[in-house]
Amino acid sequence: MGKRFVVVLAHPLQNSLCGHLTKLAASLIAEAGHDLHIVDLYERDFDPRLTSSERQSYYASEYDCRAVAEDAESLQIADVLVLIFPTWWFGLPAILKGWIDRVFVPGIAYHHAPDFGRMVPKLTQLQACLAITTLGSPWWIDWFIMFRPVRRVLSRAIIGPCAPGARFSMLSFYDTEKITAGRLAAFEKALKQKMQELI
C-alpha cells in the first residue's frame, strides 16, 4: 500500500520557483505510485484568519474545525507532509502561517494536557515532514545571523510537539534573485534525492 502525501503550496504566482518545485515533487510522488493531495493555498483563496468560533472553541470539549474540515482530515491521515513556500522576512508567508493556525489545532494535531502543560501529540501517523523554501538572502545570513528561524519554528514548535515520530527535514534554496540554470539543476537534484528517501 502506498503512502499518503499532502503537499501544501504557499505562493501567489503560478509560474513561481515554488510552483515549479511543487510540480517536480508531485511528479516524483505520482511516479512512485503514492496517494497525492495538493493544497494550493492561493489558488483556493484560503483565508488565514482564525475565526471567532474557532478561537472560542480552543479550550472547549470539541474544537470547531468545520470551516477547515477537509484540510484537517488530510493532515490526520497524511503519512508525509511537504510544505513548499518562500521565506519572507525570515518567516512563513501569512497564508501558510494561517493554515497552520487553523489546522494544527486541538483535537486535530494535538490534545491539551489536563494541566495545560506539554501538548499531547495526535499526529502519530505522520512519518515525515519536508519543508522546501526559497530565499533571496544568502545562506550565511539565515544560518549565522538569523539562526535559521523558520526551521526552528517548524521543527521544534510545530512538527515536534504534534508529530514527534515524524522525521523533519528542510531544503533551502538561497540567493534566488541570482538564480542560474546550474544552481537550479543542483537544487532539483537535491530535491530528487530527498524525495527518494521519502517515497
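This is a predicted model: local features need pLDDT of at least 70, side-chain atom pairs count only at pLDDT 80 or more; totals for chains, interfaces and linings use all residues.
Entry 1: I started with strand β1, residues 4-9. Five of its six residues are buried, so the rest of the structure largely encloses β1. I took buried as under 20% relative accessible area.

**Entry 2: the β2 side.** I looked for the partners of β1. Strand β2, residues 35-40, pairs with β1 over six bridges, in the parallel sense. I then followed the chain from β1 to β2. The path goes through helix α1, residues 17-31, and this β-α-β crossover is right-handed. Within the pair, I found V7 opposite I38 of β2.

**Entry 3: the β3 side.** Strand β3, residues 80-86, also pairs with β1. I noted five bridges here, again in the parallel sense. V8 stands opposite L83 in β3. F5 stands opposite V80 in β3.

**Entry 4: the whole sheet.** Which order do the strands take? I read β2-β1-β3-β6-β7, an open sheet of five strands with parallel pairing. The edges are β2 and β7 (167-173), and each of them pairs on one side only. On average, neighbouring strands are turned by 15° against each other, direction ignored.

**Entry 5: helices across the sheet.** I checked which helices lie across β1. Helix α3, residues 69-77, lies across β1, β2 and β3. Its direction is at about 140° to β2. Helix α7, residues 181-198, lies across β1, β3, β6 (128-134) and β7. I noted about 170° between α7 and β7.

Notes. Residues are numbered from 1 along each chain as its sequence is written. Side-chain values use heavy atoms; hydrogens and water are left out. Buried means under 20% relative accessible area, exposed over 50%, partly exposed in between (1.4 Å probe, protein chains only). Helices (H or I, at least four residues) and strands (E, at least two) are DSSP runs, numbered from the N terminus. Two strands pair if DSSP finds at least two bridges between them. A crossover is right-handed if, with the strands pointing away from the viewer, the path from the first strand over the helix to the second runs clockwise. Axes are lines fitted to C-alpha atoms, for helices over the stretch in contact, and angles run from 0 to 180 degrees between N-to-C directions. Contact means heavy atoms within 4.5 Å.
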